[in-house]
Amino acid sequence: MITAAALIIAAYLLGSISSAIIVCRLMGLPDPRTQGSNNPGATNVLRIGGKKPAAITLLGDSLKGLLPMLVGHLLGVGPAVLAATGLAAFIGHLFPVFFGFQGGKGVATAFGVQFGIWWPVFGIWWPIGLPVLLIWLFVAKVLKISSLAALISMALAPLIVWLMGLPPALMGMQLIMSGLLIWRHRSNIEKLISGREDRLTDKDPSED
């Protein structure tokens, strides 16, 4: 129980480290919470500072979800603790204790958790994370709307988890993550309905 509690708390604290804010500070860029979409995420960093800081932010946010899951696997925790660990990292990104509980929308961190759900067999990580990522890439490539790609890929993520036959605890974790992510994108949904959502090729900032 002590190990499980420590893992979950550590996952939340790691998730609370905002990659976007730290990267922007280190690279002399404006605070992403005050520029563009005001969202501390990779898409907003892309529009503020370009590809390099956005890529670093994306990697950092993804690792926040992946690393706690890997530690959970190494410690041999059960599905319930593993699910709680992934959810804690994700919630840490959304509501970071270090930044006034004002975080991002969780897409990259969710990807990290999904890649970490399945312990690699012969180096294969793909059963959950890769299909979800490919859906995101396809929608983003075709429609060029980051928020819509996130909404569609994460809405389909529970179906992928179910098809892979994972334990109910992990299915529940994915349902909660998808629900929270969709809720965090509610302003984007309103813009999508009204046709005002920006595209990835637009110069004006959009949410992600």
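Modeller: Let us begin with Lys64, which is buried at a relative accessible area of 4%; buried means under 20% relative accessible area, exposed means over 50%, and partly exposed lies in between, using a 1.4 Å probe and protein chains only. This is a predicted model, in which local features need pLDDT of at least 70 and side-chain atom pairs count only at pLDDT 80 or more, while totals for chains, interfaces and linings use all residues. Residues are numbered from 1 along each chain as its sequence is written, and side-chain values use heavy atoms, with hydrogens and water left out.

Lys64 has a partner, Asp61, and their side chains meet in a salt bridge at 3.4 Å, N to O. The term stands for a side-chain nitrogen of Lys or Arg within 4 Å of a carboxyl oxygen of Asp or Glu. Side chains of opposite charge can pair when their charged atoms come close. Asp61 and Lys64 both lie in helix 4, residues 51-75, where they are 3 residues apart, about one turn of the helix. Helices (H or I, at least four residues) and strands (E, at least two) are DSSP runs, numbered from the N terminus. Asp61 is buried as well, with a relative accessibility of 3%.

The count of salt bridges comes to 2.

Two packed helices are described by the angle between their axes and the distance between the axes. Axes are lines fitted to C-alpha atoms, for helices over the stretch in contact, and angles run from 0 to 180 degrees between N-to-C directions. Helix 4 packs with helix 5 at an angle of about 160°, and their axes are 9 Å apart. That angle makes helix 4 roughly antiparallel to helix 5; angles over 145 degrees get this label, those under 35 count as roughly parallel, 65 to 115 as roughly perpendicular, and the rest as oblique. The crossing of helix 4 and helix 5 is right-handed. Right-handed means that the near helix is turned clockwise from the far one by less than a right angle, and left-handed that it is turned anticlockwise.

Which residues of helix 4 and helix 5 make the contact? On the helix 4 side they are Asp61, Lys64, Gly65, Pro68, Met69, Gly72 and His73, and on the helix 5 side Leu82, Thr85, Gly86, Ala89 and His93. Contact means heavy atoms within 4.5 Å. By class, the contact of helix 4 with helix 5 has 4 nonpolar, 6 polar and 2 charged residues. Ala, Val, Leu, Ile, Met, Phe, Trp, Tyr, Cys and Pro count as nonpolar, Asp, Glu, Lys and Arg as charged, and the others, Gly among them, as polar.

Ala6 sits in helix 1, residues 2-15, and counts as partly exposed at 44% relative accessibility.

Next, follow helix 5 onwards. Helix 5 (residues 79-94) packs with helix 6 (residues 107-117) at about 165°, their axes being 9 Å apart. That makes helix 5 roughly antiparallel to helix 6, and their crossing is right-handed. Leu82, Gly86, Ala89, Phe90 and His93 of helix 5 meet Thr109, Ala110, Val113 and Ile117 of helix 6. This contact of helix 5 with helix 6 has 6 nonpolar, 3 polar and no charged residues.

The loop between helix 5 and helix 6 holds Phe101. Phi of Phe101 is near 60°, a positive value in a residue other than glycine. Phe101 counts as partly exposed, at 46% relative accessibility.
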